[in-house]
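Please open the model in your viewer and keep the selection panel at hand.

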Amino acid sequence: MRTFHGLDDLRAAVGEHLGHGEWLEITQERVREFADATGDHQWIHLDVERAARGPFGGTIAHGYLTLSLVPLLGRGIYRFEGFQAGVNYGLNKVRFPTAVKVGARVRMGSELLEVTEAKFGVQAVFRQTIEIQGEAKPGCVADAVVLLVP
């Protein structure tokens, strides 16, 4: 795990790939629970029989479910010390290049793209890439912005 001990440490890491998190299997239960939480009950996510005949050969995770896994998949990649607070500030760009099929295993890699001055500290932009085991393209690529207050 990469630990950032303040602003100088963070700035020095711009452009670095910070590592990968652990693999996680995407289960039908997780997809169903996400559908219930968001009200998105589209058949491609929940109807196993119909989805088997559909374009992906089975049910797939919601794109927003895949995105919502960023905090879980990022555990163990990096952490911050020497800051009063760190909060999610938003996303600059999000793409879902490949559908994540139920039963697939995913993990996240993280790269620090930039650090810029902000009103209360700095904004750090991390490219979070959610890889799918055995697939050439990722399931999600998101440029996540974190506001860090020294």
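Which residues does Asp143 touch, not counting residues up to four places away in sequence? Select Asp143 and display Gly90, Leu91, Asn92, Lys93, Leu113, Val125, Phe126 and Arg127, which Asp143 touches (contact means heavy atoms within 4.5 Å).

Before continuing, note that this is a predicted model, in which local features need pLDDT of at least 70, side-chain atom pairs count only at pLDDT 80 or more, and totals for chains, interfaces and linings use all residues. Residues are numbered from 1 along each chain as its sequence is written, and side-chain values use heavy atoms, with hydrogens and water left out.

Asp143 belongs to strand 8; helices (H or I, at least four residues) and strands (E, at least two) are DSSP runs numbered from the N terminus. Asp143 is buried, at 9% relative accessibility, where buried means under 20% relative accessible area, exposed over 50% and partly exposed in between (1.4 Å probe, protein chains only). Arg127 is partly exposed, at 30%.

**Leu91**

Next, select Leu91 in strand 5 (residues 85–95). Leu91 is partly exposed, with a relative accessible area of 44%. Its contacts, leaving aside neighbours within four places in sequence, are Leu67, Ala142, Asp143 and Ala144. A C-alpha to C-alpha distance drawn from Leu91 to Val145 reads 5.7 Å, although the two are 54 residues apart in sequence.

**Other salt bridges**

The whole structure holds six salt bridges. One of them pairs Arg107 with Glu131 at 2.8 Å, N to O. Arg107 is in strand 6 (residues 105–118) and Glu131 in strand 7, so parts 24 residues apart in sequence are tied together. Select also Arg79 and Glu81, whose side chains form a salt bridge of 3.0 Å, N to O. Arg79 is partly exposed at 40%, as is Glu81 at 30%.

Conventions. Salt bridge = Lys/Arg side-chain N within 4 Å of Asp/Glu carboxyl O.
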